[in-house]
2 protein chains.
Amino acid sequence: MRISELAESTGVALATVKYYLREGLLMPGEATSRTRAEYDDRHVQRVRLIRALIESGGLGIAGVRSVVSALEDPPGSPHELLGVAHRAVPPPVPADPVDAEVRDLLAHLGWDRCHPSPLAGSLTRAIADARAAGIPLALESLRRYAEGAQELARVDVDVATAAPSPEEALHAVVVGTVMLEPVIATLRRLAQEVVSAEALGVISPE
Amino acid sequence: MRISELAESTGVALATVKYYLREGLLMPGEATSRTRAEYDDRHVQRVRLIRALIESGGLGIAGVRSVVSALEDPPGSPHELLGVAHRAVPPPVPADPVDAEVRDLLAHLGWDRCHPSPLAGSLTRAIADARAAGIPLALESLRRYAEGAQELARVDVDVATAAPSPEEALHAVVVGTVMLEPVIATLRRLAQEVVSAEALGVISPE
């Protein structure tokens, strides 16, 4: 298809598709003449991916470029895959130096069995930010949030493990990490309404 | 304290504090002369809250204004509290019309026992966006994510219920909904590393 058809079939403005090309986020089409190139399904998928990462995932151009490079250059072993994925996706908040509370929490959870993750610093910062905003966030609550998060991570890993190829596993992890955050955030708020209505006796427990 | 001390003790630039005042996000100090006003601890807390909502929570000025108004005008009954909280906080993604899959999912979970929530439309949109980005998101995975999200919501509701006053419960829900998203997102990624290393046999299960 031509670039105008690529724009039309993805619902993305032609100028925006050209911008993705210039920024190197979208791979070039196959040149058929000096001024024309042919695009295919891979381009349609890539345009949809870029758009979703920006609009729903909230990534900037640099974040999208990082995700796209990881997809184009997947690591050799599945063990490295998650590290590549996590480095590709910008952390939810920048990292602070890891503090003793987070070190103890990770040890308590048995999460210190992996090599030290740069995400431990982001956790330190996210907890400090929540407390600065007046959320006390007791250690017991943190542990319970971590257990809930582990349930979510089991689904993530099961989905990635079921992928038919390393490329698709990488796609599931890199893209799923970002794109499922709004799904999970929305589910959490919907669940708050039900759990709260039960706690207040407005509806009966199932 | 003077406005310059308020800026200093919160680490926020004086011009930014004045901007918060002009935008009505920060309540005025008590005027002590035609050109001076006195600020107290409530102002320190409010400046920290605004900063955290913008920087870590990712809210815009309109979102912050909405959260702050909800805190200043709490609802009469605890049952209304969560509705006010959820209307105050911008949804993770805008709402689409609710589709049959989301309606069935909510019914399966027993989450349709509450009045229809505008968040059901946001869930429809977030799922469509994830699929457009190439994440298949089978119904079974959605159900498991919903169960994990319900665990998180139980912690949220327990913390809000334990708050000593309706104002503090509202603060816990409104501010916690936004400010704990980065905490949960970071915990999920840390958990992915452990669960994945266990699944690949790189570390032994505990």
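Analyst: Buried means under 20% relative accessible area, exposed over 50%, and partly exposed in between (1.4 Å probe, protein chains only). Helices are DSSP runs (H or I, at least four residues), numbered from the N terminus. This is a predicted model, in which local features need pLDDT of at least 70, side-chain atom pairs count only at pLDDT 80 or more, and totals for chains, interfaces and linings use all residues. Residues are numbered from 1 along each chain as its sequence is written, chains are lettered from A in the order in which they are written, and side-chain values use heavy atoms, without hydrogens and water.

User: Which residues of helix H6 of chain B are buried, and which on its other side are exposed?

Analyst: An α-helix has 3.6 residues a turn, so residues three or four places apart point the same way. In H6(B) (residues 100-109), Val102(B), Leu105(B), Leu106(B) and Leu109(B) are buried. They span an arc of only 95 degrees around the axis (taken from the directions from the helix axis to the C-beta atoms), which puts them on the same side of H6(B). Arg103(B) and Asp104(B), on the other side, are exposed.

User: How many salt bridges are there between chain A and chain B?

Analyst: A salt bridge is a side-chain nitrogen of Lys or Arg within 4 Å of a carboxyl oxygen of Asp or Glu. Between chain A and chain B there are eight salt bridges; one of them joins Arg113(B) to Glu198(A) (2.9 Å, N to O). H9(A) provides the largest share of the side of chain A that touches chain B, 26 residues.

Methods: Helices (H or I, at least four residues) and strands (E, at least two) are DSSP runs, numbered from the N terminus.
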